[in-house]
Amino acid sequence: MKAVVKTERKRGAAFMDVPEPEFGKKDILVKVKAAAICGTDLHIYQWNKWAEEKINPPQIMGHEFAGEVVAVGKEVRRVKVGDFISAETHISCGHCYQCLTGHPEVCENLRILGVSRDGAFAEYIAIPEKIAWKNPENLPVEFAAIQEPLGNAVDTVLAEDVAGKTVAITGVGPIGLLAVGVARVSGATKIIVSDLSEYHLSIAKKMGADVVVNAAETNFKEVVMEETKGLGVDVGLEMSGSERAFNDLLSVMTPSGRVSLLGLFGNDSVSVPLNDNVIFKKLRIYGITGRRIFQTWEIVSRFLSSGRLDVSPVITHKFPLKDFEKGMELMEKKLSGKVILYP
Ligand SMILES: [Zn+2]
Ligand SMILES: [Zn+2]
């Protein structure tokens with residue numbers, strides 16, 4: 001079969017022939033109908049420091065996908081041939097403290113599709129049955145393929161409720177854009193977003209942002225304070241991984257507000273005025289990683305199948321799998337939302 005393979009410990013990846021994956025008695029074999037490029041895939045493609053530490057080439061890339069089950073192992077019970085599925089990308093061990101106490105998303109022995117094992121930029125992928133998520137038959141395959149990042153957005157936005165609240169989002173890359181839509185349909189009354197890309201900001205408007213700020217040109221703090229009559233926002237979502245953006249966000253939080261952090265910081269040591277901007281404001285700060293399995297998937301699925309949440313503005317490009325590099329380049333230049341690849 002054809003697949004996009006990280007073959008060498010340097011920038012790039014190869015579109016090449018590889019053997020079809022073997023699958024065990026608890027696994028299912030899926031014919032991939034659509035896959036989406038994630039920021040993680042771009043990092044693996046670019047071969048940054050994180051990739052150097054985590055990735056062992058040769059390995060098939062990709063983890064966001066949807067497809068049809070074409071074969072199942074002997075002990076598979078829940079999934080059958082012909083099912084239209086997507087997959088949770090985090091494979092938990094099931095027996096560590098976190099797994100046993102209901103938090104498999106932070107399992108101590110986590111394995112991740114396309115990171116610690118072969119991924120979905122291929123004609124077929126074999127996965128454990130336990131990570132399969134069954135989709136309604138009429139869900140467009142492109143929507144089904146981006147439920148994993150949409151789940152990140154849901155957990156970031158809905159760490160607490162947003163109904164009737166004002167929300168600021170710093171960084172509207174693809175997951176930030178999905179977060180705008182989630183906040184909108186969940187009842188936020190004013191959504192103010194900042195980014196450095198006019199392209200991303202224009203999609204944010206389509207997703208329901210009320211005010212968009214290009215932080216390179218406009219003072220974010222002034223805009224937020226004016227828009228909230230000097231109160232600051234109730235909810236802050238940090239989705240950029242920028243230290244400056246994070247500090248801007250903390251400075252516009254209303255006292256007793258809530259912050260969710262999803263963006264990963266290039267430099268882990270971020271400097272924050274904790275006394276004035278966190279402690280005396282009595283902020284609640286949540287770190288967000290992965291998705292609740294499968295509570296978040298249920299919410300994502302209902303948002304999409306009910307038609308309440310339209311994610312189509314975020315899906316900006318579609319290519320055959322062999323042209324994956326076009327997608328990587330667009331993402332690198334911040335000239336895309338989600339890029340869909342068809343094997
Ligand atoms: Zn992803
Ligand atoms: Zn575990």
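Predicted model: local features only at pLDDT ≥ 70, side-chain atom pairs only at ≥ 80, totals over all residues.
Why start with Lys229? Its phi is positive, about 55°, although Lys229 is not a glycine. The residue sits in the loop between α8, residues 220-227, and β14, residues 233-238.

Next, Lys282. Lys282 belongs to the loop that runs between α10, residues 274-279, and β16. Its C-beta has 10 neighbours inside 10 Å, so Lys282 counts as exposed.

Now the cis peptide bonds. One links Pro57 to Pro58, with omega near 0°. Pro58 is in the loop between α2, 49-54, and β4, 59-60. Another cis bond joins Ile293 and Phe294, and omega there is about 0°. Phe294 is placed in the loop between β16, 284-287, and α11.

That brings us to α11 itself. Helix α11, residues 295-305, packs with helix α5, residues 147-157, at an angle of about 105°, and the axes are 9 Å apart. Angles of 65 to 115 degrees count as roughly perpendicular, and α5 and α11 are therefore roughly perpendicular to each other.

Which residues in α5 and α11 meet? From α5 there are Gln147, Leu150, Gly151, Val154 and Asp155; from α11, Thr296, Trp297, Ile299 and Val300. By class, the residues of this contact divide into 5 nonpolar, 3 polar and 1 charged.

Definitions and conventions:
Residues numbered from 1 in each chain as written. Chains lettered and ligands numbered in written order. Axes fitted to C-alpha atoms, helices over the stretch in contact; angles between N-to-C directions. Helix = DSSP H or I, 4+ residues; strand = E, 2+ residues; numbered from the N terminus. Parallel < 35°, antiparallel > 145°, perpendicular 65-115°, else oblique. Contact = placed C-beta atoms within 7 Å. Nonpolar A, V, L, I, M, F, W, Y, C, P; charged D, E, K, R; others polar. Buried ≥ 20, exposed ≤ 12 C-beta atoms within 10 Å, placed from the backbone.
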